[in-house]
Amino acid sequence: MAISRVCVIGAGTIGSLFAGHLASVCEVSVLTRRSEHAALLREQGLRISGKHERHATVFATDDAVALPPFDVGIVACKALDLEPTAAALAGHGEGATLMTVQNGLGAEAVLARHGAWPLISAVTFMSGIRHSDAHVEYELDTATWMGPWAQTATPYAVVEELAALMIAAGLEAEAMEDLLPAQWSKLIFNSAINTVAALTGLPHVAAFAAEREFGDLGWLVHALIDEGVAVAAAAGVELHEDPWEMNVLAVARGETAHSDYAHRPSMLEDILARRATEIEFITGALVREGARVGVPVPLSSAMYRLVRAREASWLPSAAGAVL
Amino acid sequence: MATERGRGGALSMRICIVGCGAVGSLFAAHLATLDELEVWAYDVVEEHVAAINANGLRVTGRAEIRAPVRARTDAAEIPPCQFGILATKSMFTEQAISSTAAIFVDGAVCSVQNGVGNEELIAEHVPRVIRGTTFPAGRVVAPGVVAMDTAGDTWIGPFEERPASAAEIERLAEALTRSGMATRALADARGAQWTKLIFNAASNPLGALTGLTHGRLCELPPTRALIGALVREGVAVADALGITLDSDPNALIDHAAEVAYDHRASMLQDALAHRRTEIDAVNGGIVRFGAQRGVPTPLNEAIVALIAGMEHAWSSQPPPESE
């Protein structure tokens with residue numbers, strides 16, 4: 001199979017980074033949620049700045065029916081939008097392989113309910129800053145890890161080919177025969193970092209790895225990660241990377257406690273914008289897995305409850321709406 | 001050292017309120033209505049002290065008082081007193097008592113502060129210490145003027161390591177009660193203190209972390225479950241210390257949800273104003289006493305870390321628009 005046509009489904013920050021880069025090596029179409037977003041992309045193209053400069057010409061539409069045929073679809077919407085997005089894709093992309101890059105667990109199963117596409121699981125560590133519908137800054141040029149989803153027997157060769165295409169486009173990518181170890185490493189890392197950032201209001205700064213003094217955040221991050229590692233072990237998953245090491249490395253990348261460019265995890269962005277967060281797919285998934293395999297996760301459960309309550313604070317309520 | 005008093009009455013007692021903020025002012029103003037008392041106040045806020053000296057100390061709201069209080073920012077100007085009432089925020093205990101220790105060379109000092117651990121600090125500077133817990137609350141609304149929002153009882157008893165005599169404690173309780181601040185003298189005041197501590201530790205920081213009022217924290221199942229788990233840790237530490245709580249903290253929390261549904265916990269008010277919280281003396285106190293007795297308190301530790309992280313975030317952000 002030669003991949004020459006890629007469709008990016010969901011043009012948020014991550015989807016735009018994929019589309020803006022891949023357009024330099026193949027034909028790219030983009031499925032947006034809003035029609036004005038598609039119109040702007042058709043009119044202005046898609047600009048990438050930051051780590052790379054690109055100005056991509058893409059075909060964009062908000063209607064799946066209008067999509068040209070494609071070999072690979074990268075489903076890059078938020079986990080919260082996955083269900084309606086998968087429903088809109090049903091009946092389209094015949095013969096195509098779809099790749100999920102959502103945070104947390106369970107995205108593949110949602111797509112599988114809406115079509116028989118072979119599926120690739122992926123986790124991505126790249127990040128960006130969205131300046132407009134047609135301009136995204138490439139912030140962290142870290143890798144995307146991808147592997148065949150076992151339940152659809154996706155050929156590994158397709159995964160390798162897509163990874164090679166992404167690398168040719170300037171992205172960091174790695175194909176893996178079994179993605180679960182990497183997916184779980186990221187899940188555990190994400191659950192700890194996102195919830196601590198969301199509740200404290202801190203970007204991912206050095207304090208997340210500091211364990212010297214009472215009240216330092218590293219103790220909590222470490223304890224949350226230990227809970228996740230115990231759940232993974234009980235679920236029979238051997239982790240690809242030690243999530244605590246991932247945390248230590250991430251905050252050591254030239255960032256200081258007060259640096260303005262420290263990364264803001266997406267859950268913190270959601271909290272600041274008073275949007276629903278991906279807590280159910282990340283920490284919620286971890287807590288449910290803990291219950292399934294019989295590993296107690298009291299701290300993760302506390303973080304889950306606090307973030308849910310924080311979301312409730314800006315939702316309308318009969319008598320108690322505050323802030 | 002008798003002073004001329006307006007309505008006669010021989011002077012029988014001199015008392016100094018250390019920390020004349022909202023709670024300290026409620027004590028000072030009430031006590032100053034008693035003819036036989038000479039009431040002094042030590043505080044670091046110059047405008048407040050000047051206003052008290054010029055116009056008397058005023059209380060509005062649940063009580064209407066204007067009473068003569070001799071306020072000073074320099075402790076050296078305050079004569080020796082038989083009693084002290086320490087009412088600063090708990091993070092200023094050490095600073096406040098070391099500045100005023102000379103006033104109490106032969107006195108008994110009573111803490112009416114939040115959290116635990118204050119009496120231990122006071123005992124390093126004065127001969128006799130009284131353990132106190134108080135419920136009245138208010139706000140400084142202008143220099144020299146305090147609004148009393150909440151009435152309530154005060155419990156006092158000996159601090160076991162450097163106790164005041166039972167007669168002294170009775171005498172202070174009698175004066176306070178007669179002045180309108182209902183106070184009970186107890187042989188063991190730890191139960192009252194730990195009941196309030198556990199109540200505060202389980203509910204107050206959750207308000208700050210989620211933005212929810214007390215009533216909403218209690219009606220949402222995720223936060224009510226977390227409150228219950230925090231209460232269990234606190235009760236386990238109290239048990240290990242041999243303290244009999246004077247009521248069930250869970251029942252108090254549910255009662256407060258009915259009578260003070262819309263109440264924003266003081267720590268939530270601190271969070272909204274980016275003011276440093278008393279987390280170290282409240283949840284931090286449970287953690288330290290737990291560690292001393294070998295009782296694990298992981299959830300309270302997590303809460304301490306999250307609030308500390310939140311305070312850390314404020315240091316790099318401008319404060320929000322004021323309430």
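This note goes through the domains, sheets, helix packing and chain contact of the model in numbered points.

1. The structure is a predicted model, in which local features need pLDDT of at least 70 and side-chain atom pairs count only at pLDDT 80 or more, while totals for chains, interfaces and linings use all residues. Residues are numbered from 1 along each chain as its sequence is written, and chains are lettered from A and ligands numbered from 1 in the order in which they are written.

2. For chain A, the domain assignment gives domain 1 as 5-177 and domain 2 as 181-313, such bounds coming from an automatic or database domain assignment. The centres of these two domains of chain A, taken over C-alpha atoms, are separated by 25 Å. Across the boundary, 14 residues of domain 1 of chain A are in contact with 11 residues of domain 2 of chain A, where contact requires that the C-beta atoms of two residues, placed from the backbone, lie within 7 Å. The domain 1 side of this boundary in chain A has 7 nonpolar, 6 polar and 1 charged residues; in this classification Ala, Val, Leu, Ile, Met, Phe, Trp, Tyr, Cys and Pro count as nonpolar, Asp, Glu, Lys and Arg as charged, and the others, Gly among them, as polar.

3. For chain B, the assignment gives domain 1 as 13-188 and domain 2 as 191-315, and 25 Å separate the centres of the two domains of chain B, taken over C-alpha atoms. Here 13 residues of domain 1 of chain B are in contact with 14 residues of domain 2 of chain B, and the domain 1 side of that contact divides into 4 nonpolar, 6 polar and 3 charged residues.

4. Chain A has an open sheet of 4 strands in the order β4-β3-β10-β9, with mixed pairing; strands (E, at least two residues) and helices (H or I, at least four residues) are DSSP runs numbered from the N terminus, and two strands pair if DSSP finds at least two bridges between them. Strands β4 (54-56) and β9 (127-132) of chain A stand at the edges with a single partner strand each, so one side of each has no neighbour in the sheet. From one strand to the next, the twist averages 20°. Strand β3 (residues 46-50) of chain A pairs with β4(A) in the antiparallel sense over 3 bridges, and A:Leu46 has A:Ala56 in β4(A) as its bridge partner. Helix α1 (residues 13-22) of chain A lies across β3, β4, β9 and β10 (135-140) of chain A and runs at about 100° to β3(A); for such values, axes are lines fitted to C-alpha atoms, for helices over the stretch in contact, and angles run from 0 to 180 degrees between N-to-C directions.

5. Chain B also has an open sheet of 4 strands with mixed pairing, in the order β4-β3-β10-β9. Its edge strands are β4 (65-67) and β9 (137-142) of chain B, each pairing on one side only, and the twist averages 25° from one strand to the next. Strand β10 (residues 145-150) of chain B and β9(B) pair in the antiparallel sense over 5 bridges, with B:Met148 in β10(B) as the bridge partner of B:Gly138. Helix α1 (residues 22-31) of chain B lies across β3 (57-61), β4, β9 and β10 of chain B, running at about 90° to β9(B).

6. In chain B, the axes of helix α6 (residues 190-210) and helix α10 (residues 266-273) come within 7 Å and cross at roughly 30°. That angle makes α6(B) roughly parallel to α10(B), since angles under 35 degrees count as roughly parallel, over 145 as roughly antiparallel, 65 to 115 as roughly perpendicular and the rest as oblique. The residues making this contact include B:Asn204 and B:Pro205 of α6(B) and B:Met267 and B:Leu268 of α10(B), and by class they divide into 5 nonpolar, 3 polar and 1 charged.

7. Helix α8 (residues 221-240) and helix α11 (residues 283-293) of chain B pack at an angle of about 50° with their axes 9 Å apart, which makes α8(B) oblique to α11(B). On the α8(B) side, B:Glu233, B:Gly234, B:Val237 and B:Ala240 meet B:Ile286, B:Phe289, B:Gly290 and B:Arg293 in α11(B).

8. The contact between the chains takes 28 residues from chain A and 28 residues from chain B. On the chain A side, α6 (180-200), α7 (217-234) and α11 (298-314) each supply at least two residues, and the largest share, 10 residues, comes from α11(A). The chain A side divides into 17 nonpolar, 7 polar and 4 charged residues.
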